[in-house]
Amino acid sequence: MQGTVFKRVAWFTVGVLACVLAHASELSEKLQSPDHVLLMRHTLAPGIGDPDNYKLSDCQSQRNLSAEGRQQAAYTGQWLKQQGVSQAEVYSSPWCRCFDTASLLHKGSVKKEVALGSFFDDMSQTKKQTEDLAKLIQTERNKYPKSPIIMVTHHVNIESFTGKILNSGDMILVKVNSSGQAVSHKLYPSPTNP
């Protein structure tokens with residue numbers, strides 16, 4: 001009887017691990033194909049927008065990550081590693097809260113890209129900024145067809161590109177066409193969110 005229970009528990013454990021590994025490999029496998037990119041909203045930075053007269057060259061003048069946001073970013077980096085994403089081409093908006101999030105993932109050096117910058121203060125830039133993002137994705141996917149690409153940006157950018165509103169630290173795996181435009185997507189809530 002005891003041996004039967006042990007065997008059932010062992011098979012159940014093997015089954016759960018197989019499901020976890022299958023799920024874990026889906027993200028990493030798709031990120032190693034030339035038609036997927038992972039967009040991430042920066043982690044927790046309390047408030048909305050930025051203070052008046054902020055400067056991109058001065059982090060102290062901007063809205064920044066809280067201690068919880070920094071922990072959230074580091075935990076997300078660990079979670080990505082568990083999914084099989086240990087290294088990536090990492091890009092960030094020039095805003096400090098995005099750059100800090102991207103750096104704390106520990107997936108490689110972080111490149112700042114204007115195309116990932118917020119247009120929250122000037123929504124008339126939506127169309128141009130979204131087109132610039134598609135061009136950036138197209139260029140970098142062509143340059144790195146088999147490397148995972150992670151881009152850390154803002155909610156307005158992600159919503160305009162995918163039609164989805166993400167919470168702080170959420171990620172969205174986007175399938176793109178040859179022009180870098182979004183075709184479909186899969187949401188990955190922040191692993192620290194309930």
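**Reading a predicted model**

A: We can begin with one residue of this predicted model: H106 counts as exposed, at 60% relative accessibility, where exposed means over 50%.

Q: In which loop is N53 placed, and is N53 buried or exposed?

A: N53 has its place in the loop between β1 and α2 (67-82), and with a relative accessible area of 72% it is exposed. Phi of N53 is near 60°, again a positive value in a residue other than glycine.

Q: How do the strands of a sheet pair, and in what order do the six strands stand here?

A: In general, strands of a sheet pair through backbone hydrogen bonds, either parallel or antiparallel. Here the six strands form an open sheet with mixed pairing, in the order β3-β2-β4-β1-β5-β6. Because β3 (110-112) and β6 (182-188) stand at the edges with a single partner strand each, one side of each is left without a neighbour in the sheet. From one strand to the next, the twist averages 25°.

Q: How many bridges join β5 to β6, and which residue is the bridge partner of L173?

A: Strand β5 (residues 171-176) runs antiparallel to β6 and is joined to it by six bridges; L173 has K186 in β6 as its bridge partner.

Q: Which strands does helix α4 lie across?

A: Helix α4 (residues 126-143) lies across β1 (36-41), β2 (89-92), β4 (149-153) and β5, and runs at about 155° to β4.

Notes. Residues are numbered from 1 along each chain as its sequence is written. This is a predicted model: local features need pLDDT of at least 70, side-chain atom pairs count only at pLDDT 80 or more; totals for chains, interfaces and linings use all residues. Side-chain values use heavy atoms; hydrogens and water are left out. Two strands pair if DSSP finds at least two bridges between them. Helices (H or I, at least four residues) and strands (E, at least two) are DSSP runs, numbered from the N terminus. Axes are lines fitted to C-alpha atoms, for helices over the stretch in contact, and angles run from 0 to 180 degrees between N-to-C directions. Contact means heavy atoms within 4.5 Å. Buried means under 20% relative accessible area, exposed over 50%, partly exposed in between (1.4 Å probe, protein chains only).
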